[in-house]
Amino acid sequence: MKQLLMLKYFINTIFLLSCTVCFSQEMATQEQDTIIKEKYGLRVGVDLYNPVQTFFNEDRKGLELVGDYRVSKKFYVAAELGYLENTTEEDYLNFTTNGSYLKAGFDYNSYTNWLDMQNAIYVGMRYGFSTFSQTLNSFTINNDPFLDGIAISQNGEKFDGLNAHWVEFVLGMKAELFNNLFLGFSFRGKKMISTKDPENFKNLFVPGFNRVFLNNSGFGFNYTLSYLIPLYKKKK
Amino acid sequence: MKKLFILLLFGMVALGSCERDDICIDEITPRLIIRFYDYDNQTETKNIKQLSVKIIGTENDSLLFSGTDSIFIPLKTTENSTQYVLTVDSNSITELNRDTITVNYTPDAVFIGRSCGYKSVFNNTTYTPVTDKNMWIQKIQKITEQIENETTAHVKIFH
């Protein structure tokens, strides 16, 4: 039994890592005339990237909760809720961004599962909103290099009550590791819609959006571990 | 599980570390631009032959200029004034002539961007020479009240 579990696990891991189609021996030997029912329910989970970063990187502390609810055969309503404190170090500035965010949207599962397996390769969209503060910890005036010897670092100020709106395009996959327990990965391309910038400074980092590039775009990813709370079953 | 963890961790570190800084290509803190004019014919520029500029309060060597009618010299952003010792014919020992001028201003930090950070602009500029018996600087005339960029000269010196 343990070996069987290991095999299932291994197969699902391969699925997760290489996107190849797979099935386990156990599944294949099921009777052909069994009516296969798919589970519908609420899946809740946590992002693994932020806790790992919190542990290894003292400039980043955060937590993100994820959830989705299956509304039809292919569609899921999905959301992420998070908190992030991040310090960015640049050549002439150092600032800390602190705030929380909410993303809501949908996922479309384009992967056709074998029997009652519940893996997913999906695309999706999110609308993101964040409220946060920026603290300019220090900055050095960028002057002629000839005077570098007398340059001094100055303390900046804290800017409160900032916000940002953006859209995300999601590409991801989820694999069922054990019964109802999923490991997922998603990559996100982002585009800022609008931000409330601080005076004489700029939102160079936004919680949930991450680094804001020059053309107001960004990217991100998450690794999630989530659990499906099955509510009802429906014929496939 | 351990292998998977290592793989995931490696992926995170690899993706997390590819955030490369932009390179600063925007205009930073402007330098003071002095243009030299002929005292006897005040509409004409007049080149300086040899000039050394020492910025008081720094351990830097002097900035050296020769055969030009305009010079670019940095201002201190950390103080409200910068004092320069301008020495003409700095390569001759006998005819050295040192004149000192003080530039007063109010510096103001202006945000440029991620890679360049903040620059300084200088408002309410004034130019005060320290008078001595033998001045090579005959007259100083301010052109702009503010030093915001390096597109035009900010002050004229007649000699």
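Biologist: What confidence does the predictor give the complex?
Modeller: This is a predicted model, and the predictor gives the complex an ipTM of 0.76 and a pTM of 0.79.

Biologist: And what is the average pLDDT of chain B?
Modeller: Chain B averages a pLDDT of 84, and 83% of its residues score at least 70.

Biologist: Let us turn to the folds. How many helices and strands does chain A have?
Modeller: Chain A has 3 helices and 11 strands. From the N terminus on, its elements run α-α-β-α-β-β-β-β-β-β-β-β-β-β.

Biologist: And how many in chain B?
Modeller: Chain B has 1 helix and 9 strands. Along the sequence the pattern is α-β-β-β-β-β-β-β-β-β.

Biologist: What share of the contacts joins residues at least 24 apart in chain A?
Modeller: Among contacts in chain A between residues at least 6 apart in sequence, the share is 65%. For chain B, residues 24 or more positions apart account for 51% of the contacts with a separation of 6 or more.

Biologist: Which strands does E5 of chain A pair with?
Modeller: Strand E5 (residues 120-140) of chain A is joined to E4(A) by 17 bridges, and the two run antiparallel. E5(A) also pairs with strand E7 (residues 158-178) of chain A in the antiparallel sense, over 15 bridges. A further 3 bridges join E5(A) to strand E6 (residues 153-155) of chain A, again antiparallel.

Biologist: Which residues are partners in these pairings?
Modeller: A:Ala104 has A:Tyr127 in E5(A) as its bridge partner. A:Arg126 stands opposite A:Glu168 in E7(A), and A:Phe139 has A:Gln154 in E6(A) as its bridge partner.

Biologist: Which residues is A:Ser100 in contact with?
Modeller: Leaving aside neighbours within four places in sequence, A:Ser100 is in contact with A:Gly82, A:Tyr83, A:Ser130, A:Thr131 and A:Pro207.

Biologist: Now helix H3 of chain A. Which of its residues are buried?
Modeller: In H3(A), residues 49-56, the buried residues include A:Tyr49, A:Asn50 and A:Gln53. Seen down the axis of H3(A), its buried residues fall within an arc of 90 degrees, so they line one face of the helix.

Biologist: Which residues touch the most other members in the largest nonpolar core?
Modeller: That core has 19 residues, and B:Leu32, B:Ile34, B:Phe36, B:Leu51 and B:Val103 touch the most other members. Strands E1, E2 (48-55), E5 (81-88), E6 and E7 of chain B each supply at least two residues. E1(B) gives the most to this core, with 4 residues.

Biologist: What does the second core include?
Modeller: The second core is separate and has 9 residues, among them A:Leu136, A:Ile141, B:Ile28 and B:Tyr118.

Biologist: Finally, how many residues does each chain bring to the contact between them?
Modeller: The contact takes 26 residues from chain A and 28 residues from chain B. On chain B, helix H1 (2-16), strand E6 (97-113) and strand E7 (117-130) each supply at least two residues of the side that touches chain A. The largest share of that side, 5 residues, comes from H1(B).

Biologist: How does the side of chain B divide by class?
Modeller: The side of chain B that touches chain A has 12 nonpolar, 8 polar and 8 charged residues.

Note on methods: Residues are numbered from 1 along each chain as its sequence is written. Chains are lettered from A and ligands numbered from 1 in the order in which they are written. This is a predicted model: local features need pLDDT of at least 70, side-chain atom pairs count only at pLDDT 80 or more; totals for chains, interfaces and linings use all residues. Two residues are in contact if their C-beta atoms, placed from the backbone, lie within 7 Å. Ala, Val, Leu, Ile, Met, Phe, Trp, Tyr, Cys and Pro count as nonpolar, Asp, Glu, Lys and Arg as charged, and the others, Gly among them, as polar. A residue is buried if 20 or more other C-beta atoms lie within 10 Å of its own, exposed if 12 or fewer, and partly exposed in between; C-beta atoms are placed from the backbone. The arc is that of the directions from the helix axis to the C-beta atoms. pLDDT is the predictor's confidence in each residue, from 0 to 100. A nonpolar core is a set of buried Ala, Val, Leu, Ile, Met, Phe, Trp, Tyr and Cys residues joined through C-beta atoms within 7 Å. Two strands pair if DSSP finds at least two bridges between them.
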